[in-house]
Amino acid sequence: MTYDENAKLYYHICSLEEKERKMKNDIDNVQRLFAFYGFASCPIPRKKIASLLMRGKSHDQIYEIGCGIFCGAIPHVVEN
């Protein structure tokens, strides 16, 4: 590999690690939001929160979806 190819690969790996770190932080923040408003546990699994974040949903929108799932207004499909 040339120096430029190594640099591009290093940048790509760092970029992926940064994106993973940001996603983990965003998921944690959504779960904290549920805890802040009195939920003993989050009604949405981490994988589903990640999916909603990737679709461009805001933390508040995900919270609203979770409230709908919790009260039964939105059917909740458990992912295996």
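Helices (H or I, at least four residues) and strands (E, at least two) are taken as DSSP runs, numbered from the N terminus. On this basis the elements of the protein run α-α-α from the N terminus on. There are 3 helices and 0 strands. The model is predicted: local features need pLDDT of at least 70, side-chain atom pairs count only at pLDDT 80 or more, and totals for chains, interfaces and linings use all residues. Residues are numbered from 1 along each chain as its sequence is written, and side-chain values use heavy atoms, with hydrogens and water left out.

Burial was assigned by relative accessible area: buried means under 20%, exposed over 50%, and partly exposed in between (1.4 Å probe, protein chains only). Of the 80 residues of the protein, 24% count as buried. Contact means heavy atoms within 4.5 Å. Among contacts with a separation of 6 or more, 50% come from residues 24 or more positions apart.

Two packed helices are described by the angle between their axes and the distance between the axes. Axes are lines fitted to C-alpha atoms, for helices over the stretch in contact, and angles run from 0 to 180 degrees between N-to-C directions. The axes of H2 and H3 come within 10 Å and cross at roughly 135°. H2 is therefore oblique to H3. In this scheme, angles under 35 degrees count as roughly parallel, over 145 as roughly antiparallel, 65 to 115 as roughly perpendicular and the rest as oblique. The crossing of H2 past H3 is right-handed. A crossing is right-handed if the near helix is turned clockwise from the far one by less than a right angle, and left-handed if anticlockwise. On the H2 side, the contact is made by Ile49, Leu52 and Leu53; on the H3 side, by His59, Ile62 and Ile65. These residues divide into 5 nonpolar, 1 polar and no charged. Here Ala, Val, Leu, Ile, Met, Phe, Trp, Tyr, Cys and Pro count as nonpolar, Asp, Glu, Lys and Arg as charged, and the others, Gly among them, as polar.

The buried residues of H2 are Ile49, Ala50, Ser51, Leu52 and Leu53. Ala50 lies in helix H2 and has a relative accessibility of 13%, so Ala50 is buried. Beyond neighbours within four places in sequence, Ala50 contacts Met23 and Ile27. After H2 comes Gly56, with a positive phi near 95°.

Gln61 belongs to helix H3. Its relative accessible area is 36%, so Gln61 is partly exposed. From C-alpha to C-alpha, Gln61 and Val30 are 10.0 Å apart in space and 31 residues apart in sequence. Ile74 is placed in the segment after H3. Ile74 is also partly exposed, at 34% relative accessibility. Apart from neighbours within four places in sequence, Ile74 touches Ile65, Gly68 and Ile69.

Aromatic rings were also examined. Rings of Phe, Tyr and Trp (its six-membered ring) pair if their centres lie within 6.5 Å; planes under 30 degrees apart count as stacked, over 60 as edge-to-face and the rest as tilted. The count comes to 6 aromatic pairs. In one of them, the rings of Phe34 and Phe39 have centres 5.2 Å apart and planes at 85°, so the pair is edge-to-face. Phe34 is buried, at 1% relative accessible area. Phe39 is buried as well, at 15%. Phe39 also pairs edge-to-face with Phe70, at 5.0 Å centre to centre and 80° between the planes. This pair links distant parts of the chain, 31 residues apart: Phe39 is in the loop between helix H1 (3–36) and helix H2 (46–54), and Phe70 is in helix H3 (residues 59–71). Phe70 is exposed, at 61% relative accessibility. One aromatic cluster is formed by Phe34, Phe36, Tyr37, Phe39, Tyr63 and Phe70.
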